[in-house]
Amino acid sequence: MPQPVISVRDLVKTYGKVEAVRGIDLEVRSGEIFGFLGPNGAGKSTTISILCTLIRPTSGVAQVAGIDVLKDPSAVRARIGLVFQDPSLDGQLTGRENLDFHAYLYGLPASTRKQRIDDALSIVELTDRADSTVLTYSGGMRRRLEIARGILHYPQVLFLDEPTLGLDPQTRNKIWDYLHSVRTREHITIFMTTHYMDEAEFCDRIAIIDQGKIVALGTPSELKTKVGGDVVTITTPDTAFASEEIRRVMQLEATQVDGTLLVEVPDSASFMPRLFSELSVPITAVSARRPSLDDVFLKLTGRAIREQGNTSLDTMRNMGRIWGAGRR
Amino acid sequence: MTEQALTAPTLPQARAVNIRGATMRAIYIIWKRDLIRYWRDRMRVFASLAQPVLFLFVFGSGLSSSLRGSTGGFGGPGSSLQYVQFIFPGIIGMSVLFTSIFGAMSIVWDREFGFLKEVLVAPIHRSAVAIGKTLGGATQAMFQGIVILILAPLVGVKLTFLGVAELIPMIFLFAFALSALGVAVAARMRTMQGFQMVMNFLMMPLFFLAGALFPLGGNLPAWLSVLTRFDPASYGIDALRRTVLTASGVPSRVLDTLGLTIFGHPLSVWPEEAVLVAFGVLMMSLAVYGFRQRD
């Protein structure tokens, strides 16, 4: 059994009375893309900050690249790459100068420094723009430069905190292409957080975290089998009554989301005729689909990932965040 | 480790962390970044000349003509020293002071824009940030001070090559002491607003008490006299003034009556430089300490 690159046991972090992380256990294998998925305020950023030695856990053990984050934070820092949630480039320097700065900070040998910077720029396809100042870059280009910077010093793990936050869908997909090519070319482990469920499909394994705890862990398809069969979305004028009737007549649980009803069924093709014949409420619209990770989250927590009220921790986090726009 | 070797045979292994070597390199690159930004922002270099030029030519020349009066020169009877020549070294000091403090302000800027995080998570000693930023700010301030020297002929200050060679290290030392002060303050600041407030209560008093615009050796009220002696910039400006005006042929008798005195004794350049070194080192330590506290 190979050593895990990241191993976390019983990790807890509290801020006063607020429990941001409430006992997390986790192992990340070498070379995988591991996604940490959950709504804002679930404890994703806190966990990633502990792994990157930026904040100290209240209790528990966390090891990165075989090193305890509390015992030797400098050694951990030398072996990890970081892409923060908020931008952290110098806009007045060129892309190449930003990477050069990083190369010095992480002590890349002078003999290979230039070559390494060129390679990193070419992985994220920024070679053409390398000598323009970062101020002239688009949001997506800045993210790519940050990814290039994150891998520059041959880290064993690249941590990314919401790397696609605030980017448009097309750019987000492009970022994923780059992350996959980075993984292949650099033989690196990638650990990232996101609250976009659709993005988690790009990961090898994901952990779903909610209110400071891991509620599910596995490959995206494993998690989807937790939702039995298909998901049917029903729109009716009287959602509450329809929900009651589905439970009484059809013996099925319906979940209300955004004024529609979601029902999990083993086989949607045979369910739909029954729905129309057995329900007395009129049905305005109905559709069936394969389960998504949104459905998994809904099933495990009883809530949709993007439509919950802010917890006090959310509010605390959002205060002082300059770049919080771009969700929903 | 063995597993890493299996999956990534061609990639260099993470090397043992040499914190001291890494810190030296970090100081260098933090300093270099400040200089790159300084050269790239040439407009700022010119814009920042506006204030000293106004002080020198409008304020200085204006006051020169009325202060000439019946006594002849500004330095007392028989002296040909004009007020504008007297404040010339003070204006160099002003330029150095303002550039140093604003240079330090870029730390707070970096913090707000996230770049400081990139530095603070690197496997380096935190002191590198304090030392690198101080040296970066001091180098910029030194250039801004040297630029003022070019104006010397326009106000009738004669500078020799030797005088300039003597002045440059003095300007740097002055810039170092003030940059270290700025960084020590900036290391503890979290927002731009707070920083500006501290600067209003620090930078302007430092400037006005430094004797850039009036002689410290004259008959100052006792309270003012005491305050000016606690201003580190007084020592820096007095040393510049002695060097500039001596090179320009002003007799030391005149300089002693105008210059900084401690208990009635005029100071000379070397003790003044020693005060700057001591102050700079003290502030530098405070700056290093400020960054070592974990964010």
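Me: Which strands form a hairpin with two residues between them?

Reply: In this predicted model, β12(A) and β13(A) do, with two residues between them. Look at the turn: Asp258(A) has a positive phi of about 50° there.

Me: How many bridges pair strand β12 with strand β13 of chain A, and in which sense?

Reply: Start from the general idea. Strands of a sheet pair through backbone hydrogen bonds, either parallel or antiparallel. Here β12 (residues 254–257) and β13 (residues 260–265) of chain A pair in the antiparallel sense, over four bridges.

Me: In what order do the four strands of the open sheet stand?

Reply: In chain A the order is β12-β13-β11-β14, and the pairing is antiparallel. Neighbouring strands of this sheet are turned by 25° against each other on average, direction ignored.

Me: Why is one side of β12 and of β14 of chain A left without a neighbour in the sheet?

Reply: Because β12 and β14 (285–289) of chain A stand at the edges, each with a single partner strand.

Me: How many bridges join strand β11 of chain A to β14(A)?

Reply: Five bridges join β11 (residues 230–235) of chain A to β14(A), and the two run antiparallel.

Me: Which strands does helix α10 of chain A lie across?

Reply: Helix α10 (residues 268–278) of chain A lies across β11, β13 and β14 of chain A. Its direction runs at about 165° to β14(A).

Me: Now the contact between the chains. How many residues does it take from chain A and from chain B?

Reply: It takes 29 residues from chain A and 28 residues from chain B. On the side of chain A that touches chain B, the elements giving two or more residues are α2 (73–79) and α3 (95–105) of chain A. The most comes from α2(A), with five residues. By type, the residues of that side divide into 15 nonpolar, nine polar and five charged.

Me: What does the model score in ipTM and pTM?

Reply: The scores are ipTM 0.86 and pTM 0.83.

Me: What pLDDT does chain B average, and where is the pLDDT below 50?

Reply: Chain B averages a pLDDT of 86, and 89% of the residues score at least 70. Over residues 1–14 of chain B the pLDDT is below 50. Beyond near neighbours in sequence, this stretch has 15 contacts in the model.

Notes
Residues numbered from 1 in each chain as written. Chains lettered and ligands numbered in written order. Predicted model: local features only at pLDDT ≥ 70, side-chain atom pairs only at ≥ 80, totals over all residues. Contact = placed C-beta atoms within 7 Å. Nonpolar A, V, L, I, M, F, W, Y, C, P; charged D, E, K, R; others polar. pLDDT = per-residue confidence, 0-100. Pairing = 2+ DSSP bridges. Axes fitted to C-alpha atoms, helices over the stretch in contact; angles between N-to-C directions.
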